[in-house]
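This report describes selected features of the structure shown below. It is intended to be read alongside the sequence and the three-dimensional view.

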Amino acid sequence: MTVVRTWSVGLVGVHGAMVEVEVDMSSGVPGVALVGLPDAVVRQSLDRVRAAVVNAGGEWPMRRITIGLSPAAMPKQGSGFDLALAAAVLAAAGTVPRTSVRRLVLLGELGLDGAVRAIRGVLPSVLAASRAGHRQVVVPAGNADEAALVEGVEVLPVDSLGALVAHLKRSEPLRPHLRGPLPEPPPLPDLADVVGQAAGRRAVEVAAAGGHHLFLTGPPGAGKTMLAERLPGLLPRLDEESALEVTAIHSIAGTLPAEAPLLTRAPFEAPHHSATLPALVGGGSGQIRPGAICRAHQGILFLDEAPEFPRAVLDTLRQPLERGSVTISRATSAVTFPCRAQLVLAANPCPCAKAAGDSACTCSPLERRRYQSRLSGPLLDRIDLRVDLPPVTRAAWLDGLGTPESTAVVAARVAAARQVAAARLRGTGLTLNAQVPGRLLRERWPIPRTSLALAERALERGALSVRGFDRVLRVAWTLADLAGVAVPGPGEIAEALGMRLQRVAA
Ligand SMILES: [Zn+2]
């Protein structure tokens, strides 16, 4: 028996899964058989591997070669197995010592010339190798910084198959990669830049404190995008586990910056309304990539000009946002990515997007109503906060000319409020007010009737639905947490109502 074994890593969603590569050589008609559920890309990799071996000066064995990838039941995608396949074949052929690859984990795509190309998903792959007890990982040189985010694993960067062969023959060992200190995350835009817009500033603070989805309306130039962009800065930094998960998602999506930082801030994703459904939720040919909604995991998904998004697209977003995960199905496999994102919608009051009162706007009241009603329905139902921003007039601007609070000041209040909410919700499995189902909220933490009078009247009048009432309660609790009061009073109820009943001027 001439069976050689080595290791690589496949991806299942955002997690790596160890894949053992086995190569068996026997006499018989020369040829290669690949077994173990490989997809079309992996099958093509045989041609790349053969060309790379020959072009790197090696000899392709003229034997009967059987290559197995196990566990067989796990679907295997992408080109990251090339290097492990090449190493195993060369070891089976005796070009390099068999034992040299036994404990090694190899990641990387091969070019026809033998160059080792960077791949996506290196971070989750190396994490999986580390957790499986492997201590040495060979990665493409372009992925070395990313691989080195995982502690306790020796990262061996390689740029060509020839260099790998030299390493395995011990004629010229690869040098372990040492990465420098992690780059500081670039500064986020500051809330102090937003002059005026007291209601908008308040809305993002409340949204950050309670995790509430937010809907901002207002004429162009009112600052909707500015405010949304400042939301990540108000959210707490990601803990280590979340940071690794978010960084892994961006690694698989191919959106991790070149210097491969660990992403410790809440991500901000703002897909354009012309984005395709696969771009939003995930998909693509070959290896399935996470879409914008998944890249916004633990952060903000901002849909600017939300009524311009096709209705079907908005409806498709609803379930994943509710469940916190999205599953993309293929004929042979399905992949699930996490997507616990906070949604921020922004909309102009009318389709022509002229500032309010601008004489150039010729939209009829009917056109305006129709424009806004594009968003009605199940998606809006999930949004606790709706705020209508006034145009930034001279008066409103002067009004806000006191020094606006900075992100640091507001973020401290947000952090304190989140702590209070988490302490109250302990034992429920929830941490944010936005996550609390209405019934649990009403039964477990009743608010005195006297405080609720205003909301109950709105309910009787029909200005508020029962679900709307629950949303008012959720926001009122966040306002109480921000104010440091134990239970929402009439003031918190009134303010929450105001953030609910706002209507776009039709
Ligand atoms: Zn108009």
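The sections below take up the strands, a helix pair, the cysteines and the backbone.

This is a predicted model, in which local features need pLDDT of at least 70, side-chain atom pairs count only at pLDDT 80 or more, and totals for chains, interfaces and linings use all residues. Residues are numbered from 1 along each chain as its sequence is written, and side-chain values use heavy atoms, with hydrogens and water left out.

**Strands and sheet**

Helices (H or I, at least four residues) and strands (E, at least two) are DSSP runs, numbered from the N terminus. An open sheet is formed by five strands with parallel pairing, in the order S11-S14-S17-S10-S18; two strands pair if DSSP finds at least two bridges between them. Strand S11 (268–269) and strand S18 (385–388) are the edge strands, each pairing on one side only. Within this sheet, strand S14 (residues 300–303) is joined to strand S17 (residues 342–347) by four bridges in the parallel sense. Leu 301 has Leu 343 in S17 as its bridge partner. Helix H6 (residues 198–210) packs on the sheet and touches strand S10 (214–217), S17 and S18, where contact means heavy atoms within 4.5 Å. The direction of H6 makes about 170° with that of S18; axes are lines fitted to C-alpha atoms, for helices over the stretch in contact, and angles run from 0 to 180 degrees between N-to-C directions.

Strand S8 (residues 136–140) pairs with S9 in the parallel sense over five bridges. Val 137 has Val 155 in S9 as its bridge partner. Strand S9 (residues 154–158) is largely enclosed by the rest of the structure, because four of its five residues are buried. Buried means under 20% relative accessible area, exposed over 50%, and partly exposed in between (1.4 Å probe, protein chains only).

**Helix pair**

Helix H3 (residues 122–131) packs against helix H9 (residues 240–253) at an angle of about 125°, and their axes are 7 Å apart. H3 and H9 are therefore oblique to each other: angles under 35 degrees count as roughly parallel, over 145 as roughly antiparallel, 65 to 115 as roughly perpendicular and the rest as oblique. On the H3 side, Val 122, Leu 123, Pro 124 and Leu 127 meet Leu 244, Thr 247, Ala 248, Ser 251 and Ile 252 of H9. The residues of this contact comprise seven nonpolar, two polar and no charged. Ala, Val, Leu, Ile, Met, Phe, Trp, Tyr, Cys and Pro count as nonpolar, Asp, Glu, Lys and Arg as charged, and the others, Gly among them, as polar.

**Cysteines**

The structure holds zero disulfides, a disulfide being a pair of cysteine sulfur atoms within 2.5 Å. The closest cysteine sulfur to that of Cys 339 belongs to Cys 294 and is 5.2 Å away, too far for a bond. Cys 339 is buried, at 0% relative accessibility, and Cys 363 is also buried, with a relative accessible area of 16%.

**Backbone**

Most residues other than glycine have a negative phi, and most peptide bonds are trans.

| Residue | Phi | Relative accessibility |
|---|---|---|
| Arg 170 | about 65° | 69%, exposed |
| Gln 298 | near 70° | 25%, partly exposed |

Arg 170 is found in the loop between helix H5 (161–168) and H6, whereas Gln 298 lies in the loop between helix H11 (292–295) and S14. The peptide bond from Ser 70 to Pro 71 is cis, with omega near 5°. Pro 71 belongs to the loop between strand S4 (64–70) and helix H2 (82–92).
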